[in-house]
Amino acid sequence: MGTLLRAQQKPEYTQYILNNYILNPALTGIENYTDVKISHRHQWVGVQDAPITTYLTIHGPIGKKDDRENITSFHKPGFNPRGKDYWDDYSSAKPHHGIGLQVLDDRTGPLSRFSAYLTYAYHLGITTRTSLALGFGAGISQLGLDRSKLFFDVPVDPVVYSSGQLNKIKPDFNAGVWLYSADYFVGVSAQQIIPEKIAFTDRVAPNPGKLVPHFFGQAGYRILLDEDYNLIPSVMVKYVDPLPVQIDFNTKLQYQDLLWVGASMRTYDGFAAMVGLNVSNTFNIGYSYDLTTSRLNTISKGTHEIVIGFLIGNKYGDWCPKNVW
């Protein structure tokens, strides 16, 4: 007797608020510099063969212009370079292009997935303070099955006849829209747009696997509490057929452009705490710890995720992003 399992096929992230580009290609080239992010996530520590996800993203603008004349990298005592005056003077993006690269490695037990995408986006100011970006990504996903990690009651499983690492390479596409200003952002995106059947054998399988589209909707708002602190509540809605809709609620409290702390709640899953530091105008780091509320909490020691960022060609000396909060 067999059981058909259905689960999310793309990895989860806790600190996507630091790198929404990993979910939506419309953010390609959104800042004035080349943004590099490296992340490693170890999910459900203590559970054998639990998901481990590592990614590298690089993206930057082409032909982007900014009305700013002065850099903001010098932190004068008692002065916040990202205070109220800065956001009052915020202006929408000049028309420009962006290009980027996403490389992802995701492993769960005997299954592995390596993906690489080239992304493109076009940004356009539609009002004096609001911009719209449209983005698209195209690449490949290599799905792997390590037979050495499979154990059966019979010597040879009828679905997997050969030995070693079995791989299937599939084309993959994603697309998104991102509306942003100094006060808010709203975005929708789709990953794995084209459904694909997948089976690790040339024989006809009665119930072949299938890669299905993943849909994301995001929104957030910036609240200036005073000259030094801003609060950013946000929400993400995720839909993968036939799973229930999943909702993430996030809150991020930022001190100047130096330090931030945050909290997150994910429906059907658990809670997370986050903290981050902008070390300089070239380097930043974020860490999160997730605690699941599912039955896995009896054996799991939580989920750890780290994100390290580099700002290359940061001509305005920004310590924190202008358009990605």
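The following questions and answers concern the predicted model shown above.

Residues are numbered from 1 along each chain as its sequence is written. In this predicted model, local features need pLDDT of at least 70 and side-chain atom pairs count only at pLDDT 80 or more, totals for chains, interfaces and linings use all residues, and side-chain values use heavy atoms, with hydrogens and water left out.

Me: How many strands are there in the protein?
Reply: Helices (H or I, at least four residues) and strands (E, at least two) are DSSP runs, numbered from the N terminus. Besides one helix, the protein has 17 strands.

Me: What share of the contacts in the protein between residues at least 6 apart in sequence joins residues at least 24 apart?
Reply: A contact means heavy atoms within 4.5 Å. Among those contacts that link residues at least 6 apart in sequence, the share joining residues at least 24 apart is 63%.

Me: Is H96 buried or exposed?
Reply: H96 lies in strand β3 (residues 96–108). Buried means under 20% relative accessible area, exposed over 50%, and partly exposed in between (1.4 Å probe, protein chains only). Because its relative accessibility is 1%, H96 counts as buried.

Me: Which backbone oxygen does the side chain of H96 reach?
Reply: Leaving aside neighbours within four places in sequence, H96 is in contact with G29, P61, I62, G63, K64, A121, Y122 and H123. A polar contact is a pair of N or O atoms within 3.5 Å; within protein, one must be able to donate a hydrogen and the other to accept it, and residues adjacent in sequence count only if both atoms are side-chain atoms. At 2.8 Å, the side chain of H96 reaches the backbone oxygen of K94.

Me: Which backbone oxygen lies 3.2 Å from a polar atom of the side chain of N24?
Reply: N24 is found in the segment before β1, and N24 counts as buried because its relative accessible area is 0%. Beyond four places in sequence, the contacts of N24 include G187, V188 and S189. The backbone oxygen at 3.2 Å from the side chain of N24 is that of V188.

Me: Which residue in β15 is the bridge partner of M265?
Reply: Two strands pair if DSSP finds at least two bridges between them. Strand β14 (residues 259–266) and β15 run antiparallel and are joined by eight bridges. Their hairpin has three residues between the strands, and Y268 there takes a positive phi near 65°. The partner of M265 in β15 is F271.

Me: Which residue in β16 is the bridge partner of V275?
Reply: V275 belongs to the uncovered face of strand β15 (residues 270–278), together with F271, A273 and L277. A hairpin of four residues joins β15 to β16, and nine bridges link these antiparallel strands. The partner of V275 in β16 is Y287.

Me: Which element gives the most to the lining of the largest cavity?
Reply: On a 1 Å grid over the protein atoms alone, a cavity is a set of points where a 1.4 Å probe fits but cannot get out, and lining residues have an atom within 4 Å of a point. Grid points are joined across faces, edges and corners, and a volume is the space filled by probe spheres set on the points; the largest cavity has a volume of about 220 Å³. Of its 20 lining residues, the closest to the centre are L18, K252, N278, C320 and P321. With three residues, the element that gives the most to this lining is β16.

Conventions: On a 1 Å grid over the protein atoms alone, a cavity is a set of points where a 1.4 Å probe fits but cannot get out, and a pocket is an open set with protein on both sides within 12 Å along at least five of seven lines; lining residues have an atom within 4 Å of a point.
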